[in-house]
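Subject: Structure handover, with notes on the ligand site and the pockets

Dear colleague,

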Amino acid sequence: MGITKHPAVYPSRARCCARWIAFICLVSFVSVAARAAEPVLIRFSHVTSEATPKGHGAALFKKLAEERLAGKVRVEIYPRALKFNDDQALLALLFGDIELAAPSFSKFRSFSRKIQVFDLPFLFSDVDAVHRFQKSEAGRGLLDSMLSQGIKGLAYWDNGMRVMSANRPLRTPKDLKRLRFRIEPSAVMQAQYRALGVATVPMPFKQVREALKMGLVKGQENAWSNIYSNGFHDYQRYFTEARHSFLGYMLVTSAEFWAGLPPEIRVELDKIVGEVTEKVNQNAREKAEQDRQRVIDSRKAEVTTLTDTQLEEWRKLLTPIWKQFEHEIGTDIIEQAMSANRSR
Ligand code: SIN
């Protein structure tokens, strides 16, 4: 025989249910409200030391954002590839594991081939020319060139002109023959060193010091602040300033994250990015001078600056590789970059 319940049970059970539902609604309302009041977390991952223009930029961004958007924004910085290498950082942005990164231009190749323009050897005469190009229509356009893939460029940050090094003096292109250089994962750098008869090993920045120490690579190129802060001069005796290329960064975020920010926070962060960019670029100029001098003062290394006549030989050998990248970058972009040299 089935068990029949007393009809009076049902109203009391309904009351109990209603109480539970009300309780659950209250708990979720409180937790949503609490979450709404939580500051927006911005995790900034990068690969250089704190004592570089990028390191200073990240720290200044944190300071200004947390001061001006107190209680609304919290910034965590992960320097020295503590969280991600450059090759992982862009995917991490897209997966929502970080919110800001500033990889060097060569690291964007799988997202935008056009950005390779910054690495073409001898394309830009100096840092001012790089800035003129970045402010041009083509330069600003590159910040948006990865939007369809979910990456938004916020600004360009400088480090400085790259310097080559080895344990033998590098004055003419012949001096590099049969060396093995660490390069960034860059097709342009690969082509550049192939033209110089150098074998290349693409490698994350974090591993370079150890690779030089162990003799796995015999040479490298980088900006002075990266060289000094990582002590590459402990293992490399001769540095050559050929002014052939510029190491710079694109500060990037996830397009979805940026668009989802409350408008007043986004507008303030945009302003902060503008201010920080000016300071980073000023710091980059100063650091390039200071860290160059520190390397010289260490007496562990010698610096060779090539004359215009010596440079002519390097230029003749390296500028023909532009042709190989014209179809990827676009001749219009290369022409605009060249015209930035002229519009002084
Ligand atoms: C960086 O400055 O972010 C690293 C550049 C490199 O990979 O050499």
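The ligand is surrounded by Val 47, Thr 48, Lys 54, Asp 86, Lys 107, Arg 182, Glu 184, Phe 205, Asn 222, Asn 226, Leu 247 and Tyr 249, where a residue counts as near if one of its heavy atoms lies within 4 Å of the molecule. This is a predicted model, in which local features need pLDDT of at least 70 and side-chain atom pairs count only at pLDDT 80 or more, while totals for chains, interfaces and linings use all residues. Residues are numbered from 1 along each chain as its sequence is written, and side-chain values use heavy atoms, with hydrogens and water left out.

By class, the shell around the ligand holds 4 nonpolar, 3 polar and 5 charged residues (Ala, Val, Leu, Ile, Met, Phe, Trp, Tyr, Cys and Pro count as nonpolar, Asp, Glu, Lys and Arg as charged, and the others, Gly among them, as polar). An oxygen atom of the ligand lies 2.7 Å from an N or O atom in the side chain of Lys 54, and a polar side-chain atom of Lys 107 is 2.9 Å from a ligand oxygen atom. For the side chain of Asn 222, the distance from an N or O atom to an oxygen atom of the ligand is 2.9 Å. The protein covers 100% of the 260 Å² of accessible area that the ligand has on its own (Shrake-Rupley method, 1.4 Å probe).

The ligand sits in the largest cavity, in the sense that more than half of its atoms lie within 2 Å of the grid points. A cavity here is a set of points, on a 1 Å grid over the protein atoms alone, where a 1.4 Å probe fits but cannot get out, whereas a pocket is an open set with protein on both sides within 12 Å along at least five of seven lines, and lining residues have an atom within 4 Å of a point. The largest cavity has a volume of about 80 Å³ (the space filled by probe spheres set on the points, which are joined across faces, edges and corners). Of the 13 residues that line this cavity, Ser 104, Lys 107, Glu 184, Phe 205 and Asn 226 are the closest to its centre.

Helix H10 (263–297) is among the elements that supply at least two lining residues (helices, H or I, of at least four residues and strands, E, of at least two are DSSP runs numbered from the N terminus), and H10 gives the most, with 6 residues.

The second largest pocket has about 210 Å³ of space, and its lining includes His 131, Arg 140, Tyr 156 and Asn 281.

Best regards

Conventions:
Polar contact = N/O pair within 3.5 Å; in protein donor to acceptor, adjacent residues only side chain to side chain.
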